[in-house]
Amino acid sequence: MGNWDLGSVASAVMDLVPNVPTAISGTRLLEISDRKRQFVEDYTGTTIGSKSITITHQDIITNLTAAQVAKSMMLEGVDAGNVKLGDFSITKGKGDNLTVVAKTFEEDAMEQLRLLGKKVTTYQAYYG
């Protein structure tokens, strides 16, 4: 498996998250992917190019992007517990799939980031 670009991340997210609305799936998905790439870059202190995402960072960026896509989908749609149209009605249980998906992807990505390590900057003062 070689390096990915933002389009590869977007394709992986489209495979992971079903029924992504067209309002999210195009340029907006690439922008979300890029913001998550920058987050991982800042967190780890490593340089991650938008066209050279190494295997070390691919899963993390993909999971963070998928979590954000699921959260965006919650904003796009109705999150109702009971929907009724004439004699037809649908009742959902507590919580919805998008909430669970978003939380799971985000927790997985943050755990992977924690294991990868965070950039720590230290300074030593010299007095003399």
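**Reading the fold**

Colleague: What is the order of the elements from the N terminus on?

Modeller: Keep in mind that this is a predicted model. The chain has 5 helices and 2 strands. From the N terminus on, the elements run α-α-α-α-β-β-α.

Colleague: What percentage of the residues in the chain is buried?

Modeller: Buried means under 20% relative accessible area. The chain has 128 residues, and the buried share is 30%.

Colleague: Among contacts between residues at least 6 apart in sequence, what percentage joins residues at least 24 apart?

Modeller: Two residues are in contact when their heavy atoms lie within 4.5 Å. Count the contacts between residues at least 6 apart in sequence, and the share that joins residues at least 24 apart is 74%.

**Helix α3**

Colleague: What length does α3 reach from its first C-alpha to its last?

Modeller: Helix α3 covers residues 27-44, which is 18 residues. At 1.5 Å a residue, 26 Å is expected. The helix is close to that, reaching 26 Å.

Colleague: Within what arc do the buried residues of α3 fall?

Modeller: The buried residues are L29, I32, S33, K36, R37, V40, Y43 and T44. Look down the axis of α3: these residues line one face of the helix, because they fall within an arc of 140°.

Colleague: Which exposed residues does the face of α3 turned away from its buried side carry?

Modeller: Start with the buried side, which packs against α1 (6-16), α2 (22-25), α4 and α5. Now turn to the face pointing away from the buried side. Its exposed residues are T27 and D42.

Colleague: Which residue just after α3 takes a positive phi?

Modeller: Helix α3 ends at residue 44. Just after α3 comes a residue with a positive phi of about 75°, and that residue is G45.

**The core and its neighbours**

Colleague: Which residues does I53 touch, not counting residues up to four places away in sequence?

Modeller: I53 is one of the core residues that touch the most other members. Leave out residues up to four places away in sequence. Then I53 touches G2, N3, W4, D5, L6, V9, I48, Q58 and I61.

Colleague: Is T65 buried or exposed?

Modeller: T65 sits in helix α4. Beyond four places in sequence, T65 is in contact with V9, V13, L29, I32, S33 and K36. A polar atom of its side chain also lies 2.7 Å from the backbone oxygen of I61. Its relative accessibility is 0%, so T65 counts as buried.

Colleague: What is the relative accessible area of T62?

Modeller: T62 also lies in helix α4. Leaving aside neighbours within four places in sequence, T62 is in contact with W4, V9, A12, V13 and L16. T62 is buried, and its relative accessible area is 4%.

**Salt bridges**

Colleague: How many residues apart are K71 and E106?

Modeller: A search of the whole structure finds 5 salt bridges. In one of them the side chains of K71 and E106 meet, at 2.9 Å from N to O. K71 is in helix α4 (residues 55-76) and E106 in helix α5 (residues 97-116), so the pair links distant parts of the chain by the helix assignment. They are 35 residues apart.

Colleague: Are E107 and K103 buried, partly exposed or exposed?

Modeller: Their side chains meet in a salt bridge of 4.0 Å, N to O. Both lie in helix α5, 4 residues apart, about one turn of the helix. At 47%, E107 counts as partly exposed; at 52%, K103 counts as exposed.

Colleague: Which residues are linked with R37 in a network of salt bridges?

Modeller: R37 is among the buried residues of α3. The network of salt bridges links R37 with D34 and E41.

Technical notes:
Residues are numbered from 1 along each chain as its sequence is written. This is a predicted model: local features need pLDDT of at least 70, side-chain atom pairs count only at pLDDT 80 or more; totals for chains, interfaces and linings use all residues. Side-chain values use heavy atoms; hydrogens and water are left out. Buried means under 20% relative accessible area, exposed over 50%, partly exposed in between (1.4 Å probe, protein chains only). The expected span of a helix is 1.5 Å times one less than its number of residues. The arc is that of the directions from the helix axis to the C-beta atoms. A polar contact is a pair of N or O atoms within 3.5 Å; within protein, one must be able to donate a hydrogen and the other to accept it, and residues adjacent in sequence count only if both atoms are side-chain atoms. A nonpolar core is a set of buried Ala, Val, Leu, Ile, Met, Phe, Trp, Tyr and Cys residues joined through side-chain atoms within 4.5 Å.
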